[in-house]
Structures are given as C-alpha cells and as structure tokens.
Amino acid sequence: MLKIDNIEKKFKTKTVLNDVSLHVKNGELIHISGSNGSGKSTLFKIITGLLLPESGTVTTDKTDVIGALIENPGFLEFEDAMTNLKFLGDLNQRFDKNRVTDLMIQFDLNPKSRQAVAKYSVGMRQKLGIIQSVMENQNVILLDEPTRGLDAESVTQFIKLLQRLVSENKLVVIASHDHIDGIVYDKMMSLKDGKLLNA
C-alpha cells in the first residue's frame with residue numbers, strides 16, 4: 001500500500017511537485033508518464049526518503065519493504081555483479097543468493113562472471129538495477145525508466161518479471177517518458193507542470 005498526500009517539492013524558487021496525491025494498493029501495476037525533468041525521479045526519491053518534501057506525507061504499511069531503481073544506479077565499479085548485489089543485500093541482512101542467481105540468469109547475466117561492473121554496458125547496468133530493486137522480496141517497487149538500454153529480449157524478460165511481481169500481490173510503480181509495449185497497467189497517470197493527473 002502506498003499513500004501519497006499533498007506532496008509539494010521545490011528546488012530554490014522552482015516548484016517541481018505541486019499538491020501531488022496518489023493512493024494505490026498491493027497487486028497493482030501503475031504507470032506515471034512525464035517528460036524529462038517533470039519530477040518523476042524527485043517523487044520516487046521522496047517516497048524512498050532520499051528527499052524531504054516541503055509539505056505532504058508518504059505512508060506505507062509497517063510490513064512494506066520498498067525497492068527502487070532511480071535514475072542511474074550506483075555500484076561498486078571495480079567489483080563484479082554478484083559482489084555488488086551481495087553487498088547491497090547484506091545491508092539489510094536480506095541477501096538470498098539463490099534468488100539473485102535466478103534473477104541474473106533470467107536477465108542473461110552470468111552469476112559467476114568476475115567482470116567489473118565498470119566495464120558493463122548501459123543495458124547490463126540497468127539489468128543489475130532492476131535486480132537489486134526486487135531481489136530482497138520487496139513488495140513496493142519503484143522503477144524509473146526501467147527499460148533504458150535494454151534489448152528486445154531483455155524487455156520481454158522484464159515484462160515477465162512484472163507479471164510475476166503483480167501475481168505475488170506486489171505493488172509496482174513505473175515512471176517513464178514513453179509507453180512500454182506489452183504492459184497492461186491498472187492505472188495510468190501523468191506528471192505535468194508539477195501536477196499528477198489521470199492519463
């Protein structure tokens with residue numbers, strides 16, 4: 001469950017989010033569209049607590065665990081993928097090697113590869129970002145431009161992952177400036193001039 005009520009966010013004199021509200025529940029797949037700079041990433045950062053709003057509230061259930069892919073995911077550049085994912089999972093004592101291995105294989109990443117993430121392509125880094133957002137069995141999942149850099153096969157695997165997450169009664173919110181073919185949403189919204197509107 002995610003309740004966003006009357007969020008306002010400014011950067012200096014510019015209002016990025018203006019009285020933004022959204023109530024959604026587990027098992028739903030939500031899309032928020034908007035042009036670059038419309039405030040999608042800012043809203044996600046407020047939901048995760050990385051940014052504080054000028055006013056308004058964000059509420060989740062006490063048992064909810066938030067997973068997020070926001071903008072360019074950061075990693076330990078000179079470590080391999082599995083080391084990165086283990087480091088992130090261990091922060092909350094929620095690392096599940098079997099689950100991570102399955103996710104990596106699903107996205108055509110070699111769990112045993114020792115290649116440094118610094119040498120990864122944009123698409124490979126994006127796959128790691130998607131994996132880290134769901135690998136701890138998070139049930140409120142925020143995905144910012146999740147298909148950026150992904151090839152057609154990876155997009156297909158991503159859609160299969162979304163279907164599985166929703167079937168597991170998890171809430172998934174996708175923010176992107178364009179439509180991803182093959183995804184059917186429960187609710188579609190758009191951010192424009194700081195306002196969140198029904199699309």
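At a relative accessibility of 12%, Glu28 counts as buried (buried means under 20% relative accessible area, exposed over 50% and partly exposed in between, with a 1.4 Å probe and protein chains only). The model is a predicted one, in which local features need pLDDT of at least 70 and side-chain atom pairs count only at pLDDT 80 or more, while totals for chains, interfaces and linings use all residues. Residues are numbered from 1 along each chain as its sequence is written, and side-chain values use heavy atoms, with hydrogens and water left out.

Glu28 is placed in the loop between strand E2 (14-24) and strand E3 (29-33); helices (H or I, at least four residues) and strands (E, at least two) are DSSP runs, numbered from the N terminus. A polar atom of the Glu28 side chain lies 3.0 Å from the backbone nitrogen of Lys25. Apart from neighbours within four places in sequence, Glu28 is in contact (heavy atoms within 4.5 Å) with Lys170, Leu171, Val172 and Asp186.

Strand E2 also belongs to an open sheet of three strands, with the order E2-E1-E4 and antiparallel pairing. E2 and strand E4 (55-60) stand at the edges with a single partner strand each, so one side of each has no neighbour in the sheet. On average, neighbouring strands of this sheet are turned by 20° against each other, direction ignored. Strands are taken to pair if DSSP finds at least two bridges between them; seven bridges join E1 (residues 2-11) to E2.

Helix H1 (residues 40-48) lies across E1, E2 and E4 and runs at about 120° to E1. Axes are lines fitted to C-alpha atoms, for helices over the stretch in contact, and angles run from 0 to 180 degrees between N-to-C directions. Because seven of its nine residues are buried, H1 is largely enclosed by the rest of the structure. The buried residues of H1 are Lys40, Ser41, Thr42, Leu43, Phe44, Ile46 and Ile47. Gly49, which follows H1, has a positive phi near 90°.

Side chains of opposite charge can pair when their charged atoms come close. The structure holds eight salt bridges, a salt bridge being a side-chain nitrogen of Lys or Arg within 4 Å of a carboxyl oxygen of Asp or Glu. One of them joins Glu77 to Arg125, with the closest N and O atoms 2.8 Å apart. This pair links distant parts of the chain, 48 residues apart: Glu77 lies in the loop between strand E5 (66-69) and helix H2 (81-90), and Arg125 in helix H4 (residues 122-134). Glu77 is partly exposed, its relative accessible area being 27%.

A salt bridge also forms between the side chains of Asp90 and Lys86, at 2.7 Å from N to O. The two residues are four apart in helix H2 and therefore separated by about one helical turn. Asp90 is partly exposed at 32% relative accessibility, and Lys86 is partly exposed at 39%.

In the salt bridge between Glu136 and Arg94, the closest N and O atoms are 3.8 Å apart. Glu136 lies in the loop between H4 and strand E6 (140-144) and Arg94 in the loop between H2 and helix H3 (97-106), so the pair ties together parts that are 42 residues apart in sequence. Glu136 is buried, with a relative accessible area of 9%, whereas Arg94 is partly exposed at 33%.

Technical notes. A polar contact is a pair of N or O atoms within 3.5 Å; within protein, one must be able to donate a hydrogen and the other to accept it, and residues adjacent in sequence count only if both atoms are side-chain atoms.
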